[in-house]
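Please keep the sequence and the 3D view at hand while reading, and look up each residue as it comes up.

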Amino acid sequence: MLPLRCPLLLLLLLLLPLSSRPQKFPTRDEELFQMQIRDKAFFHDSSVIPDGAEISSYLFRDTPKRYFFVVEEDNTPLAVTVTPCDAPLEWKLSVQELPEEASGEGSGEPEPLEQQKQQITNEEGTELFSYKGNDVEYFVSSSSPSGLYQLDLLSTEKDTHFKVYATTTPESDQPYPELPYDPRIDVTSLGRTTVTLAWKPSPTASLLKQPIQYCIVINKEHNFKSLCAVEAKLSSDDAFMMAPKPGLDFSPFDFAHFGFPSDNNSGKERSFLKSSSKFGRQTSSKPRVDLHKVCVGNKNIFTVSDLKPDTQYYFDMFAVNTNTNMSTAYVGTFARTKEEAKQKTVELKDGKVTDVFIKRKGAKFLRFAPVSSHQKVTFSVHSCLDAVQIQVRRDGKLLFSQNVEGVRQFQLRGKAKAKYLIRLKGSKKGASMLKILATTRPNKQSFPSLPEDTRIKAFDKLRTCSSVTVAWLGTQERNKFCIYKREVDDNYNEEQKKREQNQCLGPDTRKKSEKVLCKYFHSQNIQKAVTTETIRGLQPGKSYLLDVYVIGHGGHSVKYQSKLVKTRKFC
C-alpha cells in the first residue's frame with residue numbers, strides 16, 4: 001500500500017463527517033456537485049475523483065499519486081478508465097470499508113480524529129485490479145461493494161500526464177464514443193504520395209445520433225493508443241514539458257518536496273512554463289517529430305496527400321464526442337507509399353554535350369563511365385533557366401552536391417574503372433533546362449568561361465536619340481562575343497524579360513537583322529577585362545532589348561543577362 005500524504009489525509013478527513021449519519025461524496029444528483037463539476041479547480045485541488053467526469057492530472061517520475069472515491073451502496077455498477085498520455089503507467093484499484101464513526105446503539109459520540117485516521121491508514125484494502133502499460137485500460141463491474149475506493153498511480157519512466165474517468169452509472173453515461181463491430185481502418189487506395197483510408201462509423205453517431213467527429217493522425221514512427229498521447233507528443237515538440245503550477249494538480253506539499261515555491265495560484269488557469277523560467281522543471285529537448293493530426297468531421301473516407309514515395313506511414317483514427325470532448329481509438333494501421341517510377345538513366349559520352357529537360361520539382365539521372373584510365377574528370381553544367389541542383393556519386397559515394405546557376409565547372413580526381421552517377425533536381429518554380437558535359441580530357445572545354453558578373457551596363461550620359469553605349473566583363477580566355485538588339489514596346493517590363501532569359505538559346509535563334517556585331521576579346525589582367533560598344537542606328541524615344549552572347553571554342557554559346565535600354569526622345 002502506498003503511503004498516504006498528510007495533506008491528502010486532512011482533505012479526506014474533512015470530507016468524512018464525524019456524525020453518526022454516513023456522509024455522501026458529491027454525486028450528480030446534488031446541486032452542489034453540479035456547481036463543483038463546472039469548477040474544474042475543485043477537483044484539481046483535491047484527490048477526489050468525481051462521479052461521471054474525466055479529470056486530467058500529472059505525475060512526476062517515481063512519485064506515486066493516490067485518488068479516492070466512495071461507493072455508498074452495495075451492488076452498485078462501477079467503471080473506471082485510466083488513459084496514459086505519453087508514458088506507461090502502473091495503477092492499482094483497491095477498496096476498503098468505510099471507518100465506522102459511531103455505533104447505532106452507542107452514545108452517538110463520534111470517535112476521536114486520531115482513531116479515524118488510524119482506521120484509514122492501518123487497514124489494508126482489497127485489491128480489485130492492477131495494470132502496467134500504456135494502453136487505455138478499464139475496470140468494469142456490474143456489482144461493486146460499498147466502500148472507500150483508492151486509485152494508486154505511478155510512472156517509472158518520466159514525468160507524464162494522464163486522465164481518469166469513474167462512474168457509478170456506466171450504462172447511461174457512455175461519454176466515450178462506441179466503436180463499430182469492426183474497428184479497423186482500411187487502406188482502400190495507395191499511391192506514391194497519397195493514401196486513402198476508410199472506416200466504419202461509430203454507433204454513437206449512427207444509432208444514438210450524438211455529435212461525433214473523426215480525427216486522423218499520421219506519423220512515421222508508430223501507432224498511438226489514445227488522442228491524449230498524440231496531443232502530448234505534439235506539445236512536447238513545441239516546448240519543454242513542464243510541471244503544472246501548485247493549486248491545480250498538486251498540493252503545496254508536493255512542490256515543497258520537489259523544490260518548487262508553494263504560493264497558491266489556484267485562481268489562475270493551468271499553463272506551461274517556458275523553458276527559460278527559473279521555476280520550470282524541464283526534460284531534455286527532442287528533435288521535432290513529423291506528426292500531423294487532421295479532423296475530418298463526420299466523413300468515413302479520407303485521402304491523405306503530400307506524402308513521400310516509398311515511405312512507411314502509421315495511421316490512427318479517433319472518434320471524438322464533441323459534447324464531452326472524450327475520444328476512443330480505432331485499431332490503427334500502417335502502409336508504405338509506392339516507389340517513384342523507375343527513371344531511365346541517360347548515358348553521357350566523353351566530351352559530348354547532352355541537353356536535359358526536367359519537369360517542375362522533377363529529377364533526372366545520368367551515368368558517366370569512362371572507357372579508359374583517367375587522372376581527372378570534369379563536369380561542366382550550363383543551367384538555362386533557374387538554378388538546378390547537381391549531385392555526383394562515384395561508385396555509390398557522394399562526392400558533392402551543389403546548386404548551379406549559369407555555367408559551372410567541377411573537376412574531380414580520377415579513379416580507375418570508376419562509374420559516376422549524376423542526379424539533377426529541377427526548380428520548384430517551373431521546368432528546368434540545362435546542358436551538361438562530362439570529359440576525362442582537361443582541355444576539352446565546350447562551354448566558354450564566364451565572369452562572375454554577367455550583367456550588361458548602360459551609360460546614361462552617353463545615351464543619344466540614335467545610340468546607346470554599353471559595357472560588359474570578359475575573362476582571361478579569348479572568346480567571341482556577339483551583340484544583338486531587338487525593339488520592344490514601351491510597356492515591356494522585367495517580368496517579360498525574365499521569361500526570355502533562356503541562356504541556352506544561341507545566336508542561331510535570332511534574326512539576322514537583330515545582329516549588331518561580333519568581336520573577339522580577352523585580357524590577361526582580369527581587372528581590365530572590360531569591353532565597351534556603341535550601338536548606333538536606333539530610333540528616338542524607342543526601347544530596345546540588348547543581348548550579349550559569348551561563344552566558346554566548341555561552338556556552344558552562353559547569353560549574358562539581357563539589358564533594357566531607351567534612346568532619348570529629344571536631342
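Accessible areas here come from the Shrake-Rupley method with a 1.4 Å probe. For this protein, which is shown as a predicted model, the accessible surface comes to about 31,200 Å², and 49% of that surface belongs to carbon and sulfur atoms. The points below begin with the protein as a whole and then turn to particular residues.

**The protein as a whole**

- The protein has 571 residues, and buried residues make up 44% of them.
- Its secondary structure includes 9 helices and 31 strands.

**Salt bridges**

- How many salt bridges are there in the protein? When a salt bridge is taken as a side-chain nitrogen of Lys or Arg within 4 Å of a carboxyl oxygen of Asp or Glu, the count comes to 16.
- In one of them, the side chains of K435 and D355 meet with a distance of 2.6 Å from N to O. This pair links distant parts of the chain, since K435 belongs to strand 23 and D355 to strand 18 (residues 354–358), and the two are 80 residues apart.
- R510 takes part in a salt bridge with E514, where the two side chains meet at 2.8 Å, N to O. Both partners count as buried, R510 with a relative accessibility of 15% and E514 with a relative accessibility of 12%.
- R510 also meets the side chain of D547 in a salt bridge, again at 2.8 Å from N to O. Because D547 lies in strand 29 (residues 543–551) while R510 lies in the loop between helix 9 (494–499) and strand 27 (515–521), this pair ties together parts that are 37 residues apart in sequence. D547 is buried, as is R510.
- Elsewhere, a network of salt bridges links D182, R184 and K200.

**A charged patch on the surface**

- Which residues form a positive surface patch? The patch is made up of R360, K361, K425 and K428.
- One of these residues, K428, is found in the loop that runs between strand 22 (420–425) and strand 23 (432–439). K428 counts as exposed because its relative accessible area is 64%, and the cut-off for exposed is over 50%.

- L424 has its place in strand 22, and it counts as buried because its relative accessibility is 0%.
- Apart from its neighbours within four places in sequence, L424 is in contact with V356, I358, G362, A363, K364, L366, Q389, I390 and L434.
- L424 and Q391 are 33 residues apart along the chain, yet their C-alpha atoms are separated by 6.6 Å.

**Residues with a positive phi**

- D306 has a positive phi of about 60°, although D306 is not a glycine. It lies in the loop between strand 13 (301–304) and strand 14 (312–321), and its relative accessibility of 73% is the reason why D306 counts as exposed.
- N325 likewise has a positive phi of about 60° without being a glycine. N325 is in the loop between strand 14 and strand 15 (326–329), and with a relative accessible area of 59% it is exposed.

**A glycine and a distant tyrosine**

- Where is the place of G52? G52 sits in the loop between helix 3 (40–44) and strand 1 (53–59), and at 25% relative accessibility it counts as partly exposed.
- From C-alpha to C-alpha, G52 and Y165 are 6.9 Å apart in space, although they are 113 residues apart in sequence.

Methods: Residues numbered from 1 in each chain as written. Predicted model: local features only at pLDDT ≥ 70, side-chain atom pairs only at ≥ 80, totals over all residues. Heavy atoms only, no water. Patch = residues over 30% accessible without salt bridge, like charges linked within 9 Å, V, L, I, M, F, W, Y side chains within 5 Å. Lys, Arg positive; Asp, Glu negative; His and termini not counted. Charge placed at Lys NZ, Arg CZ, Asp CG, Glu CD. Helix = DSSP H or I, 4+ residues; strand = E, 2+ residues; numbered from the N terminus. Buried < 20%, exposed > 50% of the residue type's maximum accessible area, 1.4 Å probe, protein only. Contact = heavy atoms within 4.5 Å.
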